[in-house]
Amino acid sequence: MKPVSMKRFREELARTANDPKTAHIYEAFVSDIGTDGELSLQSNIKLSNSHTTQYLKQTGFSWQEVGADYLRKYVEYFCWIGYFGV
């Protein structure tokens, strides 16, 4: 993966919509595309996992800090299952 311009991202995302093998990628973003075709990732929804975190802590469960190694493995897994089409 590498950073790209928003224009390039939109172009590539649009390509995924027309291919049954990659349409799921477009569908993941469709609710974030405005009527002007621009991607808008802003939201006024505030997420909180404090209740779940507190409950898990009481049961003795805790998650390690998410780091670069975790993210690398996450991306490798999605590549392995073909999610990115590679």
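Predicted model: local features only at pLDDT ≥ 70, side-chain atom pairs only at ≥ 80, totals over all residues.
How do the residues of the lining of the largest pocket divide into nonpolar, polar and charged? Residues are numbered from 1 along each chain as its sequence is written, and side-chain values use heavy atoms, with hydrogens and water left out.

On confidence, pLDDT is the predictor's own score for each residue, running from 0 to 100. The protein has a mean pLDDT of 85, and 99% of its residues reach 70 or more.

Now to the pockets. On a 1 Å grid over the protein atoms alone, a pocket is an open set of points where a 1.4 Å probe fits, with protein on both sides within 12 Å along at least five of seven lines, and a lining residue has an atom within 4 Å of a point. A volume is the space filled by probe spheres set on the points, which are joined across faces, edges and corners.

The largest pocket has a volume of about 720 Å³, and among its 18 lining residues M1, K2, F9, E12 and F84 lie nearest the centre. Two or more lining residues come from each of α1 (6-17), α2 (23-29) and α4 (68-80), with α1 giving the largest share, 6 residues. Helices here are DSSP runs of H or I with at least four residues, numbered from the N terminus. To answer the opening question, this lining has 12 nonpolar, 2 polar and 4 charged residues, where Ala, Val, Leu, Ile, Met, Phe, Trp, Tyr, Cys and Pro count as nonpolar, Asp, Glu, Lys and Arg as charged, and the others, Gly among them, as polar.

The second largest pocket holds about 190 Å³ of space, and its lining divides into 3 nonpolar, 4 polar and 1 charged.

Let me finish with the aromatic rings. Rings of Phe, Tyr and Trp (its six-membered ring) pair if their centres lie within 6.5 Å, and planes under 30 degrees apart count as stacked, over 60 as edge-to-face and the rest as tilted. The whole structure has 6 such aromatic pairs. The rings of Y77 and F78 have centres 5.7 Å apart and planes at 70°, so this pair is edge-to-face. The pair of F78 and Y83 is also edge-to-face, because the centres are 5.1 Å apart and the planes stand at 65°. Ring pairs link Y70, Y74, Y77, F78, W80 and Y83 into a cluster.
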